[in-house]
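The following exercises concern a single protein chain.

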Amino acid sequence: MDNLEILEALLYTSGDEGLDQQQIINILDINVKQLDCLIDSYESRGLVIQKFGTTIVLTTKKEASSYIEQLIQQKSKMKLSQAAMETLSIIAYNQPLTRGDIEMIRGINSDGAVKTLIARGLVEAKDVDYSRSHHLLTTDLFLNVFGITNLDELPTTEEDDAEMDEFFSLLVNQKGDSNE
C-alpha cells in the first residue's frame with residue numbers, strides 16, 4: 001500500500017473525530033509538507049480529506065449533502081435507545097460538552113450513544129481552539145425534529161413537568177430495546 005491508501009484507511013478507521021496531523025506524520029514517517037501533498041492529491045468520487053486546524057478528517061463531498069440529509073432524516077425516524085435518549089437530553093441542556101463530560105454526568109461510557117446521535121444528525125462534534133476534545137452540540141435537525149427554532153424553547157425545570165414530558169414524548173415513542 002502507498003501512503004495515500006494508508007492515510008485513507010487510517011482516516012476511515014478514526015471515524016468522525018479524525019486524527020491529529022502529528023499522529024499521521026509519525027505513523028507514515030513523513031513531514032507536514034508531504035502530508036499536505038497527500039491530502040491535496042486525494043481523489044475519490046464521494047469523499048474528501050479535510051484539515052480542520054491540526055485535525056485531519058475523511059468526510060463526504062459537499063455535493064452529496066442533500067442526499068445525506070435525506071438519509072439522516074430517514075434514520076432519525078428510527079428508534080433511539082434509552083442511552084441515546086439520555087445522552088441527547090444531556091447534550092441539549094448542557095452544550096457544548098465533551099464525551100468525558102457526558103460520562104461524568106451519566107456515570108458510564110456513552111461513546112455508542114454519541115455515535116448514534118451523530119450518525120442520525122441530531123448531534124455534531126466541533127473542534128474548539130481552547131480544547132483538545134471535540135465539543136458536542138445539537139444540530140438544526142434536532143431543532144427541526146422537536147419543532148423548535150432555538151434552544152431557548154427547550155422546557156426548563158422551572159416549567160411544568162408535564163410540558164417536559166410532552167416535549168420528550170417523541171423520544172419516548174422512539175425508544176428502542178438496545179442499550180448503547
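Predicted model: local features only at pLDDT ≥ 70, side-chain atom pairs only at ≥ 80, totals over all residues.

**Exercise 1.** Determine which residues of helix α2 are buried, and why they line one face.

*Solution.* 
Step 1. Helix α2 covers residues 21-28, and its buried residues are Gln21, Ile24, Ile25 and Leu28.
Step 2. Viewed down the axis of α2, these buried residues fall within an arc of 100°, and therefore they line one face of the helix.
Step 3. The elements covering the buried residues of α2 include α1 (3-14), β1 (19-20), α3 (32-41), β2 (47-52) and β3 (55-60).
Step 4. Consider next the two ends of the helix. Asp20 caps the N-terminal end of α2, with a side-chain oxygen 3.1 Å from the backbone nitrogen of Gln22. Just after α2 comes Asp29, which has a positive phi of about 55°.

**Exercise 2.** Describe the buried side of α3, the face turned away from it, and the start of the helix.

*Solution.* 
Step 1. Leu35, Leu38 and Ile39 are buried in α3. Seen down the axis of α3, the buried residues fall within an arc of 95°, so they line one face.
Step 2. Among the elements that cover these buried residues are α1, α2, β2 and β3.
Step 3. The face turned away from the buried side of α3 carries Lys33 and Asp40, which are exposed.
Step 4. At the start of α3, a side-chain oxygen of Asn31 comes to within 3.0 Å of the backbone nitrogen of Lys33.

**Exercise 3.** At what angle do α1 and α3 pack, and which residues meet?

*Solution.* 
Step 1. The two helices pack at an angle of about 80°, and their axes are 10 Å apart.
Step 2. Angles of 65 to 115 degrees count as roughly perpendicular, so α1 is roughly perpendicular to α3.
Step 3. From α1, Asn3, Leu4 and Leu7 take part; they meet Leu35, Leu38, Ile39 and Ser41 of α3.
Step 4. Sorted by class, this contact between α1 and α3 has five nonpolar residues, two polar residues and no charged residues.

**Exercise 4.** Is Thr139 buried or exposed? State where Thr139 is placed and what it contacts.

*Solution.* 
Step 1. Thr139 is found in the loop between β5 (134-138) and α8 (140-146).
Step 2. The relative accessible area of Thr139 is 12%. The limit for buried residues is under 20%, so Thr139 is buried.
Step 3. When neighbours within four places in sequence are left aside, Thr139 is in contact with Gly121, Leu122, Val123 and Glu124.
Step 4. A polar atom of the Thr139 side chain lies 3.2 Å from the backbone nitrogen of Leu141.

Definitions and conventions:
Residues numbered from 1 in each chain as written. Heavy atoms only, no water. Buried < 20%, exposed > 50% of the residue type's maximum accessible area, 1.4 Å probe, protein only. Helix = DSSP H or I, 4+ residues; strand = E, 2+ residues; numbered from the N terminus. Arc of directions from axis to C-beta. Contact = heavy atoms within 4.5 Å. Polar contact = N/O pair within 3.5 Å; in protein donor to acceptor, adjacent residues only side chain to side chain. Axes fitted to C-alpha atoms, helices over the stretch in contact; angles between N-to-C directions. Parallel < 35°, antiparallel > 145°, perpendicular 65-115°, else oblique. Nonpolar A, V, L, I, M, F, W, Y, C, P; charged D, E, K, R; others polar.
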